[in-house]
Every structure is written in C-alpha cells, then in structure tokens.
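Subject: Structure handover

Hello,

Here is the structure we spoke of, with notes on what turned up in it below. Please look through the notes with the structure open.

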Amino acid sequence: MKLTRKLVLARAKASDLDSVKKLNCWGCNLTDISIFTEMPNIEVLTLSANQICSLEHVSQCQSLTELYLRRNSIQSLSELSHLRHLAQLRVLWLAENPCCGSDPVKYRMTVLRNLPSLHKLDNQVVTEEELAQALEEGEVIGNPPAPVPISANGLTEADTENDPQNYSMEETNKIREQLGMKLLPRDKFPSLSSPQTSGKKSHVLEAVLLLLKELNSEELQLVQKTAESRQRALHRHSSPPERSDVIQLCD
C-alpha cells in the first residue's frame with residue numbers, strides 16, 4: 001500500500017495535516033512517505049515494519065522528536081543525512097534495517113557520530129561515554145547517492161537506450177495516446193524483431209501489430225478498410241516493397 005499525498009488529502013484538509021502531532025503507521029506496508037512533507041508539525045512518527053527505503057521526505061518535519069523505523073528496507077546509513085537538520089530529534093529506532101550491518105558497535109558509533117543529539121537509539125539510552133567514543137570510532141556519512149532510473153524490466157536507462165524493443169514501445173504508446181487508449185507498460189512488449197525487418201519501418205510495424213491486439217471487431221474493420229485504401233494507393237504508385245509491408249499488416 002502507498003500512503004500517497006492524493007489519498008490523504010482526499011480525507012483531510014491541509015490545515016488538518018498541519019495539526020498532526022503524533023501518527024502511528026506501524027505495519028502498513030508503506031513505500032511512499034512523501035505525505036509527511038505536508039506535516040511539518042508532527043512530533044512523534046511511528047513507521048516501523050514497513051518497506052521504506054528513503055528518509056528524504058522526513059527531512060522537512062522540523063518538529064520531530066521521536067522517529068521509529070525498525071524493520072524497514074533502509075539500505076544505507078547515508079539516509080541519516082536527511083535527519084541531520086532535525087534539531088528536536090531525540091529518539092530514533094533504526095534496528096533491523098539492512099543498513100545496520102553485521103557489526104553492531106560500528107553501526108551504533110556511526111549513527112551517534114552523525115546524530116549526536118540523540119538521547120535514545122534503538123531503545124537504549126545514549127551515554128556521554130558513547131558520544132565521546134563515537135567521535136573516534138564512528139564514520140562520517142555523506143549524502144545518499146542519487147537513485148539510478150530503472151526500467152520496468154529491471155534494466156537501467158543506459159541498458160535500454162539502444163534496445164530496438166524500446167522503440168516499438170514508444171511507437172505503440174504514441175499511437176495509443178492519440179487514440180485515447182491507456183498506455184501499455186514495457187512488460188507487455190514481446191520482441192517481434194526478425195532478420196527480415198530492420199530500421200524505423202520495422203519498429204513502426206511492430207507497434208501497429210501490437211496495437212491490433214487491443215482493438216475490438218469494429219475497430220479492426222476500420223483498420224482493415226484504411227489498410228486496403230492505403231494498399232490501393234500504393235499499388236497505383238507501383239511501390240512493391242511498401243505493398244509487402246501493408247500486406248503483412250493486414251494478415
């Protein structure tokens with residue numbers, strides 16, 4: 001489930017969100033927490049047992065004093081950089097996230113080195129001795145790396161930039177958009193390339209063939225009439241290669 005801005009704003013006015021002080025979202029299977037940018041006055045926020053990966057949207061909760069994030073999907077301690085400017089934050093529970101690693105001492109020292117204002121970490125009181133130790137043993141974290149755009153099939157944009165299948169997807173969705181139809185996701189596009197077809201014409205042909213699968217009987221009849229008209233026009237201009245393309249489309 002996604003706790004999206006659209007969902008929450010449909011149930012509450014902006015003024016209501018401003019007044020929120022405490023919120024418990026334990027075990028809600030959350031991945032999107034952008035709604036918290038609309039809650040600048042929240043003080044206690046429970047987000048344990050979800051699927052949260054980034055803390056970026058918590059960085060604007062300047063009144064936050066307690067943040068519970070146990071059992072989420074936070075991969076790197078660099079996400080703590082989003083909490084550095086939360087001057088009121090005193091309690092943080094981050095245990096059971098991938099970022100905690102296998103060395104509990106190194107993990108605790110690093111968190112305290114970067115968030116020295118904490119009074120309690122993972123339900124354990126922070127001592128003066130620990131803070132002093134953290135200055136020597138904790139690592140200074142940088143900002144989290146920018147996410148790499150991932151396509152629907154798990155490839156990066158660089159992987160798919162020159163993928164012929166990507167062109168047919170673009171052509172098909174362009175046609176669907178012009179017809180007022182819903183765009184198709186990438187996983188709906190099987191590879192139709194063949195040694196006999198290449199270049200821009202093959203991509204357009206693939207797009208049209210894929211589009212035919214979505215049309216009903218009446219729409220197919222319209223396509224057939226249009227194709228036959230186009231074929232007759234091509235025949236008059238004596239262009240055999242183009243005619244063969246149209247014949248393949250009508251089959």
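Buried means under 20% relative accessible area, exposed over 50%, and partly exposed in between (1.4 Å probe, protein chains only). The model is predicted: local features need pLDDT of at least 70 and side-chain atom pairs count only at pLDDT 80 or more, while totals for chains, interfaces and linings use all residues. Residues are numbered from 1 along each chain as its sequence is written, and side-chain values use heavy atoms, with hydrogens and water left out.

Of the chain's 251 residues, 35% are buried. There are 9 helices and 6 strands, taken as DSSP runs (helices H or I, at least four residues; strands E, at least two) and numbered from the N terminus.

S81 lies in the loop that runs between β3 (66-68) and β4 (91-93). With a relative accessible area of 8%, S81 is buried. Its side chain comes to 2.8 Å from the backbone oxygen of S78. Beyond four places in sequence, S81 has contacts (heavy atoms within 4.5 Å) with I141, G142, N143 and P144.

On confidence, the average pLDDT (the predictor's confidence in each residue, from 0 to 100) is 75 for the chain, and 60% of the residues score at least 70. Residues 148-167 stay under 50, and the model gives them 23 contacts beyond four places in sequence. Residues 190-200 are also below 50, with 8 contacts beyond near neighbours in sequence. Where pLDDT is low, the predicted coordinates should not be read in detail.

Regards

Methods
Polar contact = N/O pair within 3.5 Å; in protein donor to acceptor, adjacent residues only side chain to side chain.
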